[in-house]
Amino acid sequence: MPQAIAHNLPYITIFNFLLVCIILTILAVILSKDGFKEVPGERQNIAEFCLDWFFDKASDMGVSSTKTVVAFLASLFFVILFCNLLLILPLSPFNIPPTSYYSVPLALALCSIFGTIIVTGVYRGSLNAVKHLFWPNPLQLISEAGHILSLSLRLFGNIGGEYAVSIQVLKVAPYGIPVVIHLIGLIPVFIQAFVFTLLTSTFVAGAIHHEETKTSKA
Amino acid sequence: MREIFLVFLPTVTIVITAVVAALSMRRISVSALEGMTRQPEVAGQLFTSMLVSMALIEALVIYCLIVALMLAGKID
């Protein structure tokens with residue numbers, strides 16, 4: 001684990017991340033191949049189910065369910081979920097999840113925070129988005145840096161820990177038991193992707209809502 | 001003496017945080033489950049809030065884990 005923080009990103013991790021991006025792109029192309037129809041087919045049903053779920057969760061967290069916000073949250077969720085899911089692949093070089101190296105969660109957290117600022121800028125104007133960083137006082141900027149740290153460390157700690165445990169178990173008992181460990185590991189894999197998306201949606205909701213209340217007061 | 005401290009400190013750090021976090025998580029899950037059984041119609045929303053609260057507590061444990069790992073890395 002400390003090596004994962006200290007060392008540079010290995011090439012296989014970059015390759016795995018690109019692999020995840022290619023898989024997601026192919027999935028998106030397959031799901032949206034036929035285009036929108038009044039009577040949905042199988043693929044459109046799957047795509048609509050996923051989108052509806054995100055719209056529901058986003059509205060639960062208080063985000064105004066707009067297309068840009070949901071697209072942003074959904075892409076974050078699926079990238080993290082598929083990166084984490086590589087953990088359960090039985091193929092040796094491909095089962096290193098990119099999120100178990102600190103650089104990847106840090107990049108995702110930066111995407112989340114800067115994405116929040118951009119989404120706020122789209123809906124409330126760029127001046128308001130920048131103002132949000134310094135309101136009510138400039139210390140808010142430190143809080144945003146704290147968000148980046150907490151998001152990235154949470155994802156890295158969970159998935160890196162999970163990966164380290166599975167490696168240790170594999171060393172002690174190479175047959176049978178790792179299957180059970182991987183099955184139990186499916187829970188944090190899903191929950192961490194979900195939590196990352198939820199926290200990003202709360203940041204987005206907070207930023208947009210804050211600007212909304214300010215404009216309504218004015 | 002320094003070696004003893006370096007071995008002892010990460011252990012104490014992680015044990016204390018794990019115990020406190022487990023107690024706090026227990027409290028969260030008990031309250032959320034009570035709410036879910038009383039009002040099953042808001043179970044989905046309660047589950048989401050429960051996950052967010054647990055994630056916030058978990059983050060503190062992971063900070064301590066990182067500190068413990070950094071301390072453990074100093075042992076020769």
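Student: In which helix is A:Phe77 found?

Tutor: A:Phe77 is found in helix α4 of chain A, residues 67-85. Helices are DSSP runs of H or I of at least four residues, and strands are runs of E of at least two, numbered from the N terminus. This is a predicted model, in which local features need pLDDT of at least 70 and side-chain atom pairs count only at pLDDT 80 or more, whereas totals for chains, interfaces and linings use all residues. Residues are numbered from 1 along each chain as its sequence is written, and chains are lettered from A and ligands numbered from 1 in the order in which they are written.

Student: Why is A:Phe77 called buried?

Tutor: A residue is buried if 20 or more other C-beta atoms, placed from the backbone, lie within 10 Å of its own, exposed if 12 or fewer, and partly exposed in between. A:Phe77 has 22 other C-beta atoms within 10 Å and is therefore buried.

Student: What does A:Phe77 touch, not counting residues up to four places away in sequence?

Tutor: A:Phe77 touches A:Ala193 and A:Thr197; a contact requires C-beta atoms, placed from the backbone, within 7 Å. The C-alpha atoms of A:Phe77 and A:Ala193 are separated by 5.6 Å, although the two residues are 116 apart along the chain.

Student: Why are α2(A) and α4(A) called oblique to each other?

Tutor: The axes of α2(A), residues 11-31, and α4(A) come within 10 Å and cross at roughly 125 degrees. Axes are lines fitted to C-alpha atoms, for helices over the stretch in contact, and angles run from 0 to 180 degrees between N-to-C directions. Angles under 35 degrees count as roughly parallel, over 145 as roughly antiparallel, 65 to 115 as roughly perpendicular and the rest as oblique. The two helices are therefore oblique to each other.

Student: Which residues make this contact?

Tutor: A:Phe17, A:Val20, A:Ile23 and A:Leu24 of α2(A) meet A:Phe78, A:Val79, A:Phe82 and A:Cys83 of α4(A). By class, the contact has eight nonpolar, no polar and no charged residues. Nonpolar covers Ala, Val, Leu, Ile, Met, Phe, Trp, Tyr, Cys and Pro, charged covers Asp, Glu, Lys and Arg, and the others, Gly among them, are polar.

Student: How does chain B stand against a compact globule of 76 residues?

Tutor: Such a globule would have a radius of gyration near 11 Å, but chain B has 17 Å. The radius is taken over C-alpha atoms, and the globule rule is 2.2 Å times the number of residues to the power 0.38. Chain B has two helices and zero strands, and its C-alpha atoms fill a box of roughly 60 × 15 × 10 Å along the principal axes.

Technical notes:
Contact = placed C-beta atoms within 7 Å.
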